[in-house]
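This report describes a structural model through its cores, chains, helices, domains and local backbone features. The structure under discussion is shown below.

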Amino acid sequence: MAASILEERKSSIILSGAKKGVSCEKESVSGSVSQRACVFCGARVVLNPITDACHIVHGPIGCASYTWDIRGSLTSGGEAYRNSYSTDLRETDIVFGGEKKLKAAIDELMESEQKPPKLIFVYATCIVGVIGDDVEAVCRESQKKWGIRVIPVKAPGFSGTKSQGYKLACDAIMDYISPFARQPASFGINILGDYNLAGEMWIVKGYFEKIGIPVISTITGDASSESLIKAPSASLNVVQCAGSASYLAQRMEAEMGVPWLKASFYGAQDISSSIVRVADALKDAAICEKARAFTAYESERARSVIDKYKPRFEGKKAAIFVGGGFKAISLIRQFKEFGMKIVLVGTQTGKRDEYDVIESIADDGAVVLDDANPAELEQFMAEKGADILVGGVKERPLAYKLGVAFLDHNHERKHPLAGYIGIENFASEVNLSMNSPVWHHLGMHC
Amino acid sequence: MSNLVNINVNPCKMCMPMGAAMAIAGFKGAMSILHGSQGCATYIRRHMATHFNEPIDIASSALSEEGAVFGGEKNLQKGLDNLIKMYHPQVIGVCSTCLAETIGEDLKAMIKRFHEKNPGSGASIIDVSSPGYGGTQNEGFFRALRAIVEQTVSGAPHKAREGGLINIVAPMISPADTRWLKSFLNEAGVRSILIPDISDNLDGVAQKRYERLKSGGTPLSDVMRMKSAEITLEFSEFISEKDSPGAFLRDAFGVPLLRLPLPTGLRGMDRFIDILCAYGGKISAEHAKERGRYLDAMADSHKANAKARAAVFGDPDFVKGIVSLCCENGAVPVLAATGSACAGFKRALGGEIEKCAQNAFAEGFEIADDCDFSTIEHFCGKLGANIMIGSSDGRRAAGRLGIDLIRRGFPIHDHVGGQRTRTLGFDGSLGMLDEISNSMLSRTEENFRRVIYNEHFKPLKEISKKERLESHPCFSGCASQNARIHLPVAPKCNIQCGYCKRSFDCPNESRPGAASKVLSPNEALERYKRFKKNCKNLTVAGIAGPGDALANFDDTRETIRLIKGCDPQVMLCLSTNGLMLPIYAAELIKLGVGHMTVTVNTVDPSVGAKIISYADFLGRRFTGEAAAGLLIANQLSGIKMASEMGAVIKVNCVALKGINDGCIEEVSKKASELGAYMVNIMPHIPIKGSQLECLEKMSVGELEALRTTCEPFARQMRHCRQCSADAAGTLDMDFFSASEERSAHQEFDTENTKRFAVASKSGIIVDQHFGHAEEFLIFDSDGASSRFVERRKISRYCGGAECDEEGKWAKILKALSDCDGVLAVRIGHAPEEKLRASGIVPIRACERIEGAVAAAAGSLREAESASAL
């Protein structure tokens, strides 16, 4: 390995097929230019899509500024979630404490909004704990004063990784829905872990409704304070993004008796098996039949997409660097469907067993790396001759500098990649970037 | 909502470390490391990468819980070490964050200890105090500049000043503006040291070999020489003395400091040029001409600019520059806003804006510091702003206000070219002025006809035909966002088409599938209300069978009446074979039915006789050509009547290969002649049991050829999605019909199924070690397809005994007692033996669960039949 790889990073980089698995689930190495975000980020991205909730960031301004309207989550209802509220703590607040300001902020928000929210999340960022604010007490008090729910999310950035933030968000949701744990059962499912980026929740929901499965509650894509409280009545939780929502599903099963299943709505095979399995789990013969007919019909249409693009993609090399392991696995399988090779796979916060799968399904010799930094991505993309990188916004300019195509698979995208429609979007974007004439010219003239 | 004091709603500012990192990026061989949580660096990198479209590498000391409690020195030392190993920087800016400052980290001491431990690191390490609560990115930017100058420039003050050397301190300007500034100084023959110089580092070129550490920027060796300059020009009038690098050079080294407004607009540029000339600069003839062109353009576009009521927001110095440009051009800056808390802001801008506003009879203006976007949006509305100038964060407000946003400043996230925006110089100013002028010109151009028409010519109350076309998804090419709902209230039909089977829906509109449930008019109303509640864009209600709407006229009329009564705004449409159309046309129009679809397959009775077998009309049954002739005559006269009375008519035509394909052209001609709006040639879908069951289906190519032939005579519908009742969310049956046969073959063989337990973490593929599994997914399979049974937790099978090794096995075996096999990515040798001993076959797999299960069932069954033989 080259000199630019730090000693303590070496165990986090392996070649697929190696005896020893990649080292992961560790703190980032200081100074290594990690691509990871923080605990607060994880909590906010999960809760943010609840459309009529207000999200108040208690802390200095930066965190609210950088997460304003952060995801392309669509709404059929409220727009409150697209604002970013902050207590904007200043020097004096750090000295004298920010509790009063937080209380006043909540009061002001409740008084000034024409339609005051029924649900407020208060995020405590890095220094709130350090300066000794009792956020829980303020939330309790305000909750009582205004007769709404004010839920504290204690998410100092340093207290773990983004995954810890997901967990905090799930706890906040449980906090909100637990009072409604006992309610008459209704036939139908909740969809968990889809955030309605580019309307993906609507697409998936549409599939289930088409085959006669009502969707009771969506968590959290296009959710509202009203719709969330119906969640405990559902017959089944379907978990799409396992990384962020499995924990919620586990708690709902243990405390409310709602069983759950994992699912994936990326790539034709995964979508079809997921739909059929959900139908099977509900044990309604007519629905099972419809599910099979529907998925068979759609799979056939998907096949024509794959047939169209495969000749152009076959043998090309893909590099993947995404947030979680679940998405990486799904992407490996999607690229493979088009006959592409995988030369690099990495995640920010993948888990041990996810890496086991990655190592077993990536092509032999592929570089597998956890919590990679730009220097490593640069080195291995060049070394392996990647034709396309999938990643987040930060990785995009690096890919372009290296003359590598790029697929935006991040939460700011404006086109759905889930569902059967997503297969065509995926292929079309890979094609338009990877087969763009610009790479030819860049190669000639640089 | 406006001017809330305790809550910031949609920040119009970022934090200090952001500005500090951006300033540091303007020095040669420099890298930043933020001492704090990992997230700070990541957010700032993302913010900058999206604006500059450049890789932005900023390190973090990645403080954890432990660091936050016991101090983060260990992390910072390690971070510096790693950063040097990876990037070999010549300069490292160590910026503090909220967390570092709050827990009281002493950066200077830590850096000193680092140097002691690593004497040969080769990097100048600068500490910058940039707590997020201490100010905005603007203050962070200048504070970092000052820190670099303070910690680099040393020694005694120079006695002799270096003749003609000028220090230039730039605020946050774009790389393109920085390039302009450098070349302008160069062409004026002025020797200068510019800090920071982000021109290359934040707007790089495509290179054969990627440079991880950027090679542009001001070298520290130049910074050292700043103490000998004749003067420092600082393009900031608002930054406080303690954050000003120029003030430091003045106080410590006696370099005179002159603070200037940005060189933007006529006056900003003239001021800059005067000073350069005073220090020996010469303005070329070409630059003099540029000034002339700017003046010329001011005159050319002054009338358009006079209409502008601009809302300008951003850093204080940026806002002042733009305000000055607006005012000299007669564009009224009705709002000047900054996110920074900036005491002198109002005073500095008030006089000029007031004069400009009075001159233009503008009704009011506001100047606000420490301002958020909720306040900005509020003032924009109140003061009638018609253009915004600032970062892309203003786009949401601009969108809601329906006004243009001229993107300048930082960040620009929704457009490309943030790094290339221009504000400075005569050319940069003119480019921006043109954008303001053109926005005003476009507003006038787009609106004046409508505005004058609406004000001075009484608009028609009635819904026009055009509006009706636009609001119906079938007629506006699905571009319309409007949804429709079909209400199946008409079961009976009065003709028998050869392609139709009675037990199915009429193929006119809905595709053949299982018959929909027929609703009573009241049920239809309930259904409409239900969907209207959930579907805001539901604008059209239609009656399209399952039989013929007019053969069930009483129910149809009642349904229409009920719906119209509940929602007077609704557009009504209806689909019919046209036999009864001449009789009901007038009444339908009166009921408010604005859209009708009539299925006309031929206008030749001899052809018609091959398509329909009978027609029931006014109590009599007609057959053969008589039936066809009667149908055609009624269709044509009905279309003519309804169309003349104002209905929008679509003619559907089912293309039947070898039967009517020869006369579709004639249908198109006739339809168009009678006033139909469009013709929809639809493929015939063969239905089992119908008379034309065996008729070959027309290919897409043939259909398209037909449409092209008919195109000259009638507008062709190509966007038909055959949506049936889908828009309302009921079952779209198309996939059932298409896959009916296939699923019939896939009957699940319930007799010969095998049961499997699958170890899966992802739930999608077999990806877990048997030993790690705490639960199994249970599947049944007949070898061809598989069926999910349940998720099974092992812990549930606890016998109550201690969970020792034996107890655990007992549980597992109990949980798997009904299974024929177990699938896992790996299974150890011992458990494998135990499973076999209990009659459960262990299988290794790492593919998709459903496929793996089916394959396993197949091989188990094969093995069984082999042993049976």
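## Nonpolar cores

The largest nonpolar core holds 332 residues, and those with the most contacts inside it are Ile320(A), Leu335(B) and Leu823(B). Helix α12 of chain A (residues 285–313) gives the largest share of this core, 9 residues. A nonpolar core is here a set of buried Ala, Val, Leu, Ile, Met, Phe, Trp, Tyr and Cys residues joined through C-beta atoms within 7 Å. A residue is buried if 20 or more other C-beta atoms lie within 10 Å of its own, exposed if 12 or fewer, and partly exposed in between, with C-beta atoms placed from the backbone. Helices (H or I, at least four residues) and strands (E, at least two) are DSSP runs, numbered from the N terminus.

Ile320(A) is in contact with Ala328(A), Leu331(A), Ile332(A), Ile342(A), Leu344(A), Val345(A), Gly346(A) and Val390(A), leaving aside its neighbours within four places in sequence. Two residues are in contact if their C-beta atoms, placed from the backbone, lie within 7 Å. A second, separate core of 69 residues includes Val489(B), Tyr499(B), Val598(B) and Leu636(B).

## Basis of the model

The model is predicted: local features need pLDDT of at least 70, side-chain atom pairs count only at pLDDT 80 or more, and totals for chains, interfaces and linings use all residues. Residues are numbered from 1 along each chain as its sequence is written, while chains are lettered from A and ligands numbered from 1 in the order in which they are written.

## The two chains

Chain A has 18 helices and 14 strands, and its C-alpha atoms fill a box of roughly 65 × 60 × 40 Å along the principal axes. With 446 residues, a compact globule would have a radius of gyration near 22 Å, and the 23 Å of chain A agrees with this. That radius is taken over C-alpha atoms, and the globule rule is 2.2 Å times the number of residues to the power 0.38. Of the 446 residues of chain A, 64% count as buried. Among contacts in chain A between residues at least 6 apart in sequence, 72% join residues at least 24 apart.

Chain B has 29 helices and 28 strands. Buried residues make up 52% of its 869 residues. Of the contacts in chain B with a separation of 6 or more, 72% are between residues 24 or more positions apart.

The expected span of a helix is 1.5 Å times one less than its number of residues. Because 12 of the 13 residues of α13(A) are buried, the helix is largely enclosed by the rest of the structure. Its buried residues include Ala328(A), Leu331(A) and Ile332(A), which are also among the contacts of Ile320(A). Gly339(A), with a positive phi near 75 degrees, follows α13(A).

The 15 residues of helix α11 of chain A (residues 268–282) should span 21 Å, in agreement with the 22 Å between its end C-alpha atoms. This helix is mostly covered, with 14 of its 15 residues buried. Lys283(A), whose phi is positive, near 55 degrees, follows α11(A).

## Domains of chain B

The domain assignment of chain B gives domain 1 (16–152), domain 2 (165–278), domain 3 (301–447), domain 4 (466–730) and domain 5 (754–868). Such bounds come from an automatic or database domain assignment. The C-alpha centres of domain 1 of chain B and domain 2 of chain B lie 23 Å apart. Their contact takes 29 residues from domain 1 of chain B and 28 residues from domain 2 of chain B.

On the side of domain 1 of chain B that touches domain 2 of chain B, the elements giving two or more residues are α1 (16–24), β2 (30–35) and α7 (137–152) of chain B. The largest share of this side, 11 residues, comes from α7(B).

## Local backbone features

The peptide bond from Ile219(A) to Thr220(A) is cis, with omega near 0 degrees, and Thr220(A) lies in strand β7 of chain A (residues 215–220). The peptide bond from Ile195(B) to Pro196(B) is also cis, with omega near -15 degrees.
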